[in-house]
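Please walk through this structure with me.

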Amino acid sequence: MTWTLDHLDVLFSVSLDHLWLALIPVVAGLLISLPLGWMASRWRPAKSILVPTAGMLYTIPSLALFVLMPLILGTRILDPLNVIAALTIYTVALLVRSVADALAAVPPAVTAAATAMGYRPLGRFFAVELPLAVPVLLAGVRVAAVSNISLVSVGALIGVGGLGQFFTEGYQRGNPAEIIAAIIAIMVLALLVEIVLVFTGRMLTPWTRAGGAR
């Protein structure tokens, strides 16, 4: 506890870096996953290729992927882009299926009605299908965000790991308080992100709150 109180400013600063490293890949991964998931929800051959491929990407060990990124991207080993790129891949691996399932869950009668009202495919996607898919899609985003917050710590083994640096430093110094403080900070970050995403989902889907009120 004494160590934590003495280093609150450092913990807060590094927590912000940790959050940045975790959430940028969520945004990037979601933007990549939307068109891929849309294709998977529309064409069975695309789903049979994209969903299993995405699942296989998630089986790659995180440390191995972090080490490979500099070779693939041509970046320095300590470049934060390595962690961001690796976590973006994991996010896509998680969200392609979520996007496909979320869009497939939209009732065909709703899309048919939107088409009859004059919506073209792109307009129908953004105005009708995507909003209705938000509850299922957001569940996948929550899993990806919490997973990334955990995986960022592994980046400490290559020198870019946010709060994970306190794991390696605490081990090297024989200071368990440092390790425990980092674990608690990561759990708090995950909880805060989870709360924000749940609140965001409720704001984006007011009809679900109205339905619950009845």
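This is a predicted model: local features need pLDDT of at least 70, side-chain atom pairs count only at pLDDT 80 or more; totals for chains, interfaces and linings use all residues.

Residues are numbered from 1 along each chain as its sequence is written, and side-chain values use heavy atoms, with hydrogens and water left out.

Start with the largest pocket. On a 1 Å grid over the protein atoms alone, a pocket is an open set of points where a 1.4 Å probe fits, with protein on both sides within 12 Å along at least five of seven lines. Its volume is about 270 Å³, counted as the space filled by probe spheres set on the points, which are joined across faces, edges and corners. The lining has 14 residues, each with an atom within 4 Å of a point. Thr4, Leu11, Ala181, Ile184 and Ala185 lie nearest the centre of the pocket. Helix H2 (8-42) and H9 each give two or more residues to this lining. H9 supplies the largest share, seven residues. Helices here are DSSP runs (H or I, at least four residues), numbered from the N terminus. By type, the lining has twelve nonpolar residues, two polar and no charged. Nonpolar covers Ala, Val, Leu, Ile, Met, Phe, Trp, Tyr, Cys and Pro; charged covers Asp, Glu, Lys and Arg; the others, Gly among them, are polar.

Now the charged pairs. The structure holds five salt bridges (a side-chain nitrogen of Lys or Arg within 4 Å of a carboxyl oxygen of Asp or Glu). One of them joins Arg142 to Glu194, with the closest N and O atoms 2.4 Å apart. This pair links distant parts of the chain: Arg142 sits in helix H7 (residues 121-151) and Glu194 in helix H9, 52 residues apart. Arg142 is partly exposed because its relative accessibility is 29%. Glu194 is partly exposed too, at 22%. The cut-offs are under 20% relative accessible area for buried, over 50% for exposed and partly exposed in between (1.4 Å probe, protein chains only).

Glu129 pairs with Arg124 at 2.7 Å between the closest N and O atoms. Both residues are buried. Arg42, Arg124 and Glu129 are linked in a network of salt bridges. Arg173 and Glu178 meet at 3.4 Å, N to O. Arg173 is exposed at 57%, whereas Glu178 is buried at 0%.

Finish at Asn175, in the loop between helix H8 (165-173) and helix H9 (176-204). Is Asn175 buried or exposed? Asn175 is buried, because its relative accessible area is 19%. Asn175 touches Trp3 and Gly170 (heavy atoms within 4.5 Å), not counting residues up to four places away in sequence.
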